[in-house]
Amino acid sequence: MINNMFGLAAVLFFAGYLQAQEVITYHDFNTYNVALSKTIGENEAVIVNYWATWCAPCIKELPYFEELSASYPDVKVLLVSVDFAKDHDKRLIPFIDRKQLSLPVIHMADPKANDWIDRIDPDWSGAIPATLFYSGERKQFVEKEYKTFEELEEEYLTFIKS
Amino acid sequence: MKSILSIFNLILFSVSAILATPPADGLKIGDKATDFSLKNIDGNFVSLSDFAEAKGYVVIFTCNTCPYAKMYEDRITALHDKYAGEGFPVIAINPNDPEVKPGDGYDEMKVRAKEKSFQFPYLFDAGQAVYPQYGATKTPHVFVLDADMIVKYIGAIDDNPQDASSVGVKYVEDAIEAIANGKNPDPATTKAIGCGIKVKA
């Protein structure tokens, strides 16, 4: 009986462990930026989508990024949440579990947005969703909401072929 | 002589036409802000020109529902408490279309203002005519004007929406102090951080 209970607990523990992805949190833009540059250097193409759990249009387009990643395994897709730091445990993590997001989520929780928005792209008003495409030294910034998967796919293919 | 006068008239006409046309992308630093008459939560209409003794104006586009706007409610009250008596009234305007964003209607504004004991005007931009003239895009989005309604500062309230106790730079307070001392605010613009203003697609 004791063994069975232990076994059950272990199963539940591992099930939970496998389900939840590890979300790296940055409280400081510089550290995030270094990690991002490294990722860009290590991959053929990188797409970074800025979103938050409180942003309805962002949530609507998340599945398109999942689909893009599944269709084009060579591109590294990162979902960078700009949720408030205080919402990490109570909103962001439950959201990721509920939606079963398979793409890596990074929590960029540096609150001083006026110091870092321009460093991501000077054209960025700060509105989300916003998406960046990187390949080597090339970069494309897009401040809009993708209404369909095809719209996102076309943007990616145009970028990668140009 | 006649032709010269005509040309002169024509030039005058052109200049006034340009001045009368609202800037396409909203107000820039140095522009004269447009006055308005919008309904306050108490049922009265409020205009900038109602504040005859003002040394400046703190016009804040904000709303009930945006998480950023909520985080700034107490700080907007603090701005009013500190500066309204000094001649810099805070005037809050909700620019959202309540059909797009339920919770940002006029009745909900009254409820929220009562809950938070707003002492400043909280106006409803019915028909969404005013915010495009200013070029506001977010809630909250601040425009600090001088006594002549010239735009001196556009952007965020301070540099840390999430945590009032960790604010480094109070942009709006610094702008007010600069205007009060006859100087131009530095920075004159920052990026307003918040939710997009809700309009019908």
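Local features here need pLDDT of at least 70 and side-chain atom pairs count only at pLDDT 80 or more, while totals for chains, interfaces and linings use all residues. Residues are numbered from 1 along each chain as its sequence is written, and chains are lettered from A and ligands numbered from 1 in the order in which they are written.

**View 1. Chain B as a whole, with five helices and nine strands.** Helices (H or I, at least four residues) and strands (E, at least two) are DSSP runs, numbered from the N terminus. Follow the sequence along and you get the pattern α-β-β-β-α-β-α-β-α-β-β-β-α-β. Of the 201 residues in chain B, 40% are buried, meaning that 20 or more other C-beta atoms lie within 10 Å of the residue's own, with C-beta atoms placed from the backbone (exposed is 12 or fewer, partly exposed is in between). Take the contacts in chain B between residues at least 6 apart in sequence: 74% of them join residues at least 24 apart. A contact here is two residues whose C-beta atoms, placed from the backbone, lie within 7 Å.

View 2. Where pLDDT is low, the predicted coordinates should not be read in detail. The model also scores ipTM 0.70 and pTM 0.81.

**View 3. The open sheet of seven strands in chain B.** The strand order is E2-E1-E5-E4-E3-E7-E8, and the pairing is mixed; two strands pair if DSSP finds at least two bridges between them. E2 (45-46) and E8 (151-155) stand at the edges with a single partner strand each, so one side of each has no neighbour in the sheet. E8(B) pairs with E7 (residues 141-146) in the antiparallel sense over four bridges. One bridge to look for joins B:Val142 and B:Gly155.

**View 4. Strand E3 of chain B, residues 56-61.** Six of the six residues in E3(B) are buried, so the strand is largely enclosed by the rest of the structure. In a regular strand the side chains alternate between the two faces of the sheet. Here B:Gly56, B:Val58 and B:Ile60 are buried on one side, and B:Tyr57, B:Val59 and B:Phe61 are buried on the other. E3(B) pairs with E7(B) in the antiparallel sense over six bridges, and B:Val59 has B:Phe143 as its bridge partner. With E4 (residues 90-94), E3(B) pairs in the parallel sense over four bridges; look for B:Val58 opposite B:Val90.

**View 5. A loop glycine, B:Gly194.** You'll find B:Gly194 in the loop between helix H5 (171-180) and strand E9 (195-196) of chain B. Is B:Gly194 buried or exposed? B:Gly194 counts as buried, because it has 26 C-beta neighbours inside 10 Å. B:Thr139 is 55 residues away from B:Gly194 in sequence, yet their C-alpha atoms are 5.3 Å apart. Beyond four places in sequence, the contacts of B:Gly194 include B:Cys66, B:Tyr68 and B:His141.

**View 6. Where chain B touches chain A.** Twelve residues of chain B are in contact with twelve residues of chain A.
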